[in-house]
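Have a look at the structure before reading on.

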Amino acid sequence: MIQIDLQDLDRFFQKSDLIPAICYEVDTKTVLMLAYMNKESLKRTLETGYTWFWSRSRQEYWNKGATSGHLQKVVSVFADCDDDTLLVNVKQTGSACHTGSYSCFFKEIYTDTEEK
């Protein structure tokens, strides 16, 4: 159920035409990816229940998984305290990363060996 008036989406785009959207898999508790939404892709996401983003490189909308079948069914969407970042909780079908990895965050660059 949409908790916000779709006519009131401007509040998320006060600082920029694009807003970061962090996708988090609710079952595996994994951060999957970060992508960007503009007002229209956020509206499409809220209306369809599946993630839509704005591709900065291709300059077009993309529905995550529409061609690969690796869809992201939206469970919930939260805005941060400043309304300038979104947390999109999803149920991921297949892998989220274009490389075929389950998550885009697989390149470890630092580990505190005392904490492992």
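Let's start with a charged pair: Asp8 and Arg11 form a salt bridge, with their closest N and O atoms 3.4 Å apart. A salt bridge here is a side-chain nitrogen of Lys or Arg within 4 Å of a carboxyl oxygen of Asp or Glu. Keep in mind that this is a predicted model, where local features need pLDDT of at least 70, side-chain atom pairs count only at pLDDT 80 or more, and totals for chains, interfaces and linings use all residues. Residues are numbered from 1 along each chain as its sequence is written, and side-chain values use heavy atoms, with hydrogens and water left out.

**Salt bridges**

- Searching the whole structure turns up 8 salt bridges.
- Back to that opening pair: Asp8 has a relative accessible area of 34% and Arg11 has 38%, so both count as partly exposed (buried is under 20% relative accessible area, exposed is over 50%, and partly exposed lies in between, with a 1.4 Å probe and protein chains only).
- Lys39 forms a salt bridge with Asp10, and here the closest N and O atoms are 2.3 Å apart.
- That pair links distant parts of the chain, as Lys39 sits in helix α1 and Asp10 in the segment before β1, 29 residues apart.
- Lys39 is partly exposed at 38% relative accessible area, and Asp10 is partly exposed at 38% too.
- Lys43 and Glu47 are 4 residues apart in helix α1, so about one helical turn separates them.
- On the accessibility side, Lys43 is partly exposed at 27%, and Glu47 is partly exposed at 48%.
- Salt bridges with shared partners also tie Asp8, Arg11 and Asp83 into one network.

- Helices (H or I, at least four residues) and strands (E, at least two) are DSSP runs, numbered from the N terminus, and two strands pair if DSSP finds at least two bridges between them.
- The open sheet is built from 4 strands in the order β2-β1-β6-β5, with mixed pairing.
- β2 (30–37) and β5 (72–79) stand at the edges with a single partner strand each, so one side of each has no neighbour in the sheet.
- On average, neighbouring strands are turned by 25° against each other, direction ignored.
- Strand β1 (residues 19–25) runs antiparallel to β2, and 7 bridges join them; Ala21 has Ala35 in β2 as its bridge partner.
- The hairpin of β1 and β2 has 4 residues between the strands, and Lys29 takes a positive phi near 55° there.
- β5 and strand β6 (residues 86–92) are also antiparallel and joined by 7 bridges, with Gln72 opposite Gln92 in β6.

**The helix across the sheet**

- Helix α1 (residues 39–48) lies across β2, β5 and β6, at about 130° to β2.
- Those angles run from 0 to 180 degrees between N-to-C directions, and the axes are lines fitted to C-alpha atoms, for helices over the stretch in contact; contact means heavy atoms within 4.5 Å.

**A nonpolar patch**

- Val31, Leu34 and Phe105 form a nonpolar surface patch with about 280 Å² of accessible area together.
- Patches take residues with over 30% relative accessible area and no salt bridge, joining like charges within 9 Å and nonpolar side chains (Val, Leu, Ile, Met, Phe, Trp, Tyr) within 5 Å.
- Accessible areas come from the Shrake-Rupley method with a 1.4 Å probe, and for residues only the protein chains shown count as cover.
- Val31 belongs to strand β2 and is partly exposed at 38% relative accessible area.
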